[in-house]
Amino acid sequence: QVQLVESGGGLVQAGGSLRLSCAASGRTSSSVMGWFRQGPGKEREFVAAIRWTYGATYYADFVKGRFTISRDNAKNTVYLQMNSLKPEDTAVYYCASTAYSIGRPATTEYRYWGQGTQVTVSS
């Protein structure tokens with residue numbers, strides 16, 4: 001079973017930056033790692049994802065080029081660099097992992113989930 005641990009959340013002013021990390025461990029390798037978020041009173045939504053093998057990336061439209069997902073295979077770690085943060089980015093951010101997948105995974109294909117890290121963007 002894959003274990004995922006997020007870190008790097010915190011409080012930042014609007015326009016600032018944060019880098020989130022997700023460390024993966026466990027016997028089974030995943031195909032794709034993704035980031036999701038859930039704001040207060042809102043549904044969980046997809047943010048970005050990356051494929052381990054060749055690094056193909058997928059982004060939600062609302063990111064508007066502000067966020068960048070990357071991975072370090074040697075460290076089994078995925079990162080989410082968040083720039084030009086806005087108050088509406090305030091949420092708990094979760095990383096998640098698929099098993100085998102083809103192309104861009106559907107949300108239902110993410111089998112393992114971390115506990116989340118809080119990101120708060122002040123006005």
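Modeller: What follows goes from the overall chain to one cysteine and then to the nonpolar core.

This is a predicted model, in which local features need pLDDT of at least 70 and side-chain atom pairs count only at pLDDT 80 or more, while totals for chains, interfaces and linings use all residues. Residues are numbered from 1 along each chain as its sequence is written, and side-chain values use heavy atoms, with hydrogens and water left out.

The protein chain has zero helices and 11 strands. Here helices (H or I, at least four residues) and strands (E, at least two) are DSSP runs, numbered from the N terminus. The C-alpha trace spans about 40 × 25 × 25 Å along its principal axes. The radius of gyration of the protein chain is 14 Å, which agrees with the value near 14 Å for a compact globule of 123 residues; this radius is taken over C-alpha atoms, and the globule rule is 2.2 Å times the number of residues to the power 0.38.

Of the 123 residues, 45% are buried. Buried means under 20% relative accessible area, exposed over 50%, and partly exposed in between, with a 1.4 Å probe and protein chains only.

Now the single part. Cysteine 22 lies in strand E3, residues 18-25. Cysteine 22 has a relative accessible area of 0%, so it counts as buried. Contact means heavy atoms within 4.5 Å. Leaving aside neighbours within four places in sequence, the contacts of cysteine 22 include Leu4, Val5, Glu6, Met33, Trp35 and Cys95. By comparison of position, isoleucine 50 is 28 residues from cysteine 22 along the chain, and their C-alpha atoms are separated by 12 Å.

A nonpolar core is a set of buried Ala, Val, Leu, Ile, Met, Phe, Trp, Tyr and Cys residues joined through side-chain atoms within 4.5 Å. The largest one has 34 residues, and Trp35, Leu80, Met82 and Tyr93 touch the most other members. Among the elements that give two or more residues to this core are E3, strand E4 (32-38), strand E8 (77-82) and strand E9 (91-98). E5 gives the most, with five residues.

Leaving aside its neighbours within four places in sequence, tyrosine 93 is in contact with residues including Trp35, Leu80 and Met82. Its contacts also include Glu6, Leu20, Phe67 and Val119.
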